Amino acid sequence: MPMTPDFAETIALRALAWIAANEELLPVFLGASGASEVDLRDGARDPAFLGALLDFITMDDAWVTAFCDSAGLDYHAPMTARAALPGGGDVHWT
């Protein structure tokens, strides 16, 4: 079954909740993204922000594994969801 944008947003929102609850990873995300905690709340309504959040999680296999294990998702779910959100299409460098 293909990933719909709505389901991709649901996965990303779950990832946002997971990061927000992670005392070690939250400051890393905030520092890397330049986002504030207010931006997190506002970003929950922005598919592009949610895509960037999934970009962050997929930078580290341990983060993917931990998130997916806690959410009961397949390890490919974050990357598949990312592809369905704005800016997540295949990149062509030509």
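Which residues of H2 are buried? I started my notes with that one.

**Ground rules.** I'm working from a predicted model, where local features need pLDDT of at least 70, side-chain atom pairs count only at pLDDT 80 or more, and totals for chains, interfaces and linings use all residues. Residues are numbered from 1 along each chain as its sequence is written, and side-chain values use heavy atoms, with hydrogens and water left out.

**Confidence.** I looked up pLDDT, the predictor's confidence in each residue, from 0 to 100. The protein's mean is 91, and 93% of its residues reach 70 or more. Helices here are DSSP runs (H or I, at least four residues), numbered from the N terminus.

**Helix H2.** Back to my opening question: Leu25, Leu26, Phe29 and Leu30 are the buried residues of H2. They sit on the same side of H2, because they cover an arc of only 135 degrees around the axis. That arc is taken from the directions from the helix axis to the C-beta atoms. Buried means under 20% relative accessible area, exposed means over 50%, and partly exposed is in between (1.4 Å probe, protein chains only). On the other side of H2, I found Gly31 and Ala32 exposed. I then checked what the buried residues of H2 pack against, and got H1, H3, H4 and H5. Contact here means heavy atoms within 4.5 Å. After H2 comes Gly34, with a positive phi near 80 degrees. A reminder to myself: an α-helix has 3.6 residues a turn, so residues three or four places apart point the same way.

**The core.** A nonpolar core is a set of buried Ala, Val, Leu, Ile, Met, Phe, Trp, Tyr and Cys residues joined through side-chain atoms within 4.5 Å. The largest one has 28 residues, and Ile11, Ile19, Phe29, Leu40, Ile57, Phe67 and Leu73 touch the most other members. Helices H1 (5-21), H2 (25-33), H4 (47-57), H5 (61-71) and H6 (77-83) each give two or more residues to this core. H1 gives the most, with 7 residues.

**Salt bridges.** How many salt bridges does a search of the whole structure find? I got 2, counting a side-chain nitrogen of Lys or Arg within 4 Å of a carboxyl oxygen of Asp or Glu.

Asp55 pairs with Arg82, the closest N and O atoms being 2.7 Å apart. This pair links distant parts of the chain, since Asp55 is in helix H4 and Arg82 in helix H6, 27 residues apart. Asp55 is partly exposed at 36% relative accessibility, while Arg82 is buried at 8%. Leaving aside neighbours within four places in sequence, Arg82 is in contact with Gly51, Leu54, Asp55, Gly87 and Gly88.

The other entry is Arg45 with Asp42, at 3.3 Å, N to O. Arg45 counts as exposed at 66% relative accessibility, and Asp42 is partly exposed at 41%.

Phe7 is in helix H1. Is Phe7 buried or partly exposed? Phe7 counts as partly exposed, at 43% relative accessibility. I also checked Phe7 against Asp61: they are 54 residues apart in sequence and 22 Å apart in space, C-alpha to C-alpha.
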